[in-house]
Amino acid sequence: MTATDTSEKHDWTVTGMDCAACATKITSALERLPGVADVQVGVMSERLSLRLTPGATGLEAVEATVKKLGYGIAPKGEATGKRKFVLPTTPVDDHDDHEGHDHEGHDHEDQQGHDHSQPDHGTTAVEDHSSHGGPGHTHATAPEDIGKRWYQTSKGKLVIGTGLLLAAATAVKLLASEQMALWAFVAACLIGVAPVARRAFAALRAGIPFTIEGLMTIAAIGALFIGAAEEAALVVFLFAVGEVLEGVAADRARASIRALAGLVPKTALVEENGVTREVDATSLEIGQVVMVRPGDRIPADGTIAEGTSGVDESPVTGESMPKTKGPGDAVFAGSINAEAALRVTVTKSAEDNTISRIIALVEEAESARAPTEHFIDRFSRYYMPTITGLAVLVAVIPPLVFGQVWATWIYRGLALLLIGCPCALVISVPASIASALSAGAKRGILMKGGSVIESVARVTQVAFDKTGTLTAGRPVVTDVVVLQGSEVDLLAIAAGVESGSSHPLAEAILRKAAEAGVVALPSSGAKALVGQGAAALVAGQAAWVGSPRFASEKGALNSVGFGRASVLEEAGNTVVVVFREGHALGLIALRDEPRDDARQAVAHLADMGVASVMLTGDNARTGAAIAGALGMQHRADLMPDDKVMAIKAMVKIGGVIMVGDGINDAPALAAASVGVAMGSGTDVALETASAALLRNRVSDVAAMIRLARATMANIRQNVTMALGLKAAFLVTTILGLTGLWIAIMADTGATVLVTLNALRMLRFDPEKR
């Protein structure tokens, strides 16, 4: 967008889309409108966003265009007229079984106001979009169908009606006159094909001639003209059934993502002046205090003001074990308070809480499409016109050139038309990607789109930052070596230099001084020295806390002191020197222990053929000790720029994941094929890198790679299935071995099979080896 661009961004919720071809159809139609730009359609998130130039095209015109194509649309935050099916299946949300919560059988609303009703136990609410997803399938739910079961809706009644007519016609054929049966078959065909034809003409008027509705209409009417009324009626009935089945199957891929919004309760108990009142959770403001009773879900991101309790964060991070949290600790919206009452101070508004940002990231991930998806989209643009042309040639050339029977070859041409829909192929990638994104999000693994999943699947190397990634990020002082003066003086000066610093080593030194009962000397002018340490005026004199190399360069650490520091470093400690001008006061050794799962994670990566290397700014001896204990390679004494150069060198060899904290490692994260941030739902962890691991587990890196590889394998299965079925029935149709009803079953069946195969990713457990 340029500085002079006066266009405005607008967002809608669009219902009834089953695959990427639906998005292409909407995009193509809207881009024809004057003043419309930057059209983006998310199939699984049901989102439409675009920019409008004021005075060119109105909002009403945009909505009318989408509605003519047969989709439901409403401004974001308003209802679009969705109806729900109640299917006897397991709820998508794996965390809906906690006692004392209001999520079973109750409605939940996300921050945008969308309805995300949780079903009764043992059922899953699934929206019906009742249609196919080829380049031009339409599926919107009529307003009068809201809240009805599938057989009560207009499309359900159409399926039942055409089915009854088909059955009646068959009975008449068997028991009475075939002439009477013929008219019954014609009636069943015309009644069933009428709404399909309306959608086909709407797409044609929008400039989209090649749609499965159009091909279906031509095939059905053509079959009537050549006397195949019975097959025409059967094909229309199977197509109508397929629309319902495909709509349900495709929406299951969305259901798990949509269930995230249902984790946040609709209401909250706000405390004001000692009085508790119930308010809408979306209206909570920063600074308000909410009461969270045992068994309730926490309604907002915040910090605990009063109380100590076990908090189950599994709905947010996938971490199965509850964490004991008390005053000052952060909590996430959607987490479950398991034990005692808590008073929580709200720190994030509803639209900015962790759940909302996870949902937004998953939705936005659709725009980062995989290269495979781009290729398939390009292929599908030519597939339908090519098959249509081939169908015309099959219908015309044998009778004209070889004197064959017209009815036979027209029939085969019509059957070929029904194979012309590339829906199964087009949906093969986004359905798998959406399922994988959802499966990962439930386990605290966030990947920002198909392009990231494809990149992760190809990696052969993983680079880890040390502090806070491979290690716990909470170093402790292991040794204090006095070179001059007393230990009390040493700690007092060190604490004075480090006062106010949030660096992990500084916090460890301050904790050690506090434990020893040492009060920090007054200091001023404190500053960090990048890659070297820190300096300040302590008790009126300059003082430093820095690396042994820096102290030696300043002429403060002699060879004896340097030797003692080396011994401590070889044991895996990080050593800092406390010194004043020209002389060292002593050494402080600190150790940041590796995370419990770090060694196992490195072993798992090795088993998968992925090499691990540790990149650290620490000294070579400490780096070697920790890397050796974990069984991995290492590069030490690296400044931030050096880490970037190391990553770039690794990228030349193959795909690289860089895992860091998302702050100090930002340049290296950006240089890698995939940057992964470790974090428990912080802004940085969710927004800096291409992926985020919310559970702070090193082992989740291997799990993420497993998930990505399984997703790409699933996509390859889907593409093979879709193309294989199309190719097989293309040949059998031309040879006359299969007819119209087999062709429509092949089309619908391929789409359903591909979607169901993609949905298997929802149950994939990336933690299983």
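## Aromatic pairs

The structure, a predicted model, holds two aromatic pairs. Rings of Phe, Tyr and Trp (its six-membered ring) pair if their centres lie within 6.5 Å; planes under 30 degrees apart count as stacked, over 60 as edge-to-face and the rest as tilted. Trp-544 and Phe-579 form a stacked pair, at 5.3 Å centre to centre with 10 degrees between the planes. This pair links distant parts of the chain. Trp-544 sits in strand β21 (residues 541–546) and Phe-579 in strand β22 (residues 574–580), 35 residues apart.

Both Trp-544 and Phe-579 are buried. Buried means under 20% relative accessible area, exposed over 50%, and partly exposed in between (1.4 Å probe, protein chains only). Ring pairs also link Trp-544, Phe-550 and Phe-579 into a cluster.

## Basis of the model

This is a predicted model, in which local features need pLDDT of at least 70, side-chain atom pairs count only at pLDDT 80 or more, and totals for chains, interfaces and linings use all residues. Residues are numbered from 1 along each chain as its sequence is written, and side-chain values use heavy atoms, with hydrogens and water left out.

## Overall make-up

The secondary structure comes to 24 helices and 28 strands. Helices (H or I, at least four residues) and strands (E, at least two) are DSSP runs, numbered from the N terminus. Of the 769 residues in the protein, 55% are buried.

The protein exposes about 31,200 Å², by the Shrake-Rupley method with a 1.4 Å probe. Carbon and sulfur atoms supply 58% of that area. Contact means heavy atoms within 4.5 Å. Among contacts with a separation of 6 or more, 70% come from residues 24 or more positions apart.

## Helices α10 and α23

Two packed helices are described by the angle between their axes and the distance between the axes. Here the axes of α10 (residues 406–419) and α23 (residues 699–734) come within 9 Å and cross at roughly 170 degrees. That makes α10 roughly antiparallel to α23. Angles under 35 degrees count as roughly parallel, over 145 as roughly antiparallel, 65 to 115 as roughly perpendicular and the rest as oblique. Axes are lines fitted to C-alpha atoms, for helices over the stretch in contact, and angles run from 0 to 180 degrees between N-to-C directions.

From α10, Trp-409, Arg-412, Ala-415, Leu-416 and Ile-419 meet Lys-726, Phe-729, Leu-730, Thr-733 and Ile-734 of α23. The contact residues divide into seven nonpolar, one polar and two charged.

## Positive phi in two loops

Most residues other than glycine have a negative phi. Asn-273 has a positive phi, near 55 degrees. Asn-273 lies in the loop between β7 (267–272) and β8 (275–280). Asn-273 is exposed, at 81% relative accessible area.

Asn-696 also has a positive phi, near 60 degrees. The loop between β28 (691–693) and α23 holds Asn-696. Asn-696 is partly exposed, at 24%.

Arg-277 is found in strand β8. Arg-277 is partly exposed, with a relative accessible area of 40%. Beyond four places in sequence, Arg-277 touches Ala-268, Leu-269, Val-270 and Glu-272. The C-alpha atoms of Arg-277 and Met-291 are separated by 9.5 Å.

Leu-342 lies in strand β15 (residues 342–346). Leu-342 is buried, with a relative accessible area of 0%. Leaving aside neighbours within four places, Leu-342 contacts residues including Val-290, Met-291, Val-292, Ile-304 and Asn-337.

Terms used
Nonpolar A, V, L, I, M, F, W, Y, C, P; charged D, E, K, R; others polar.
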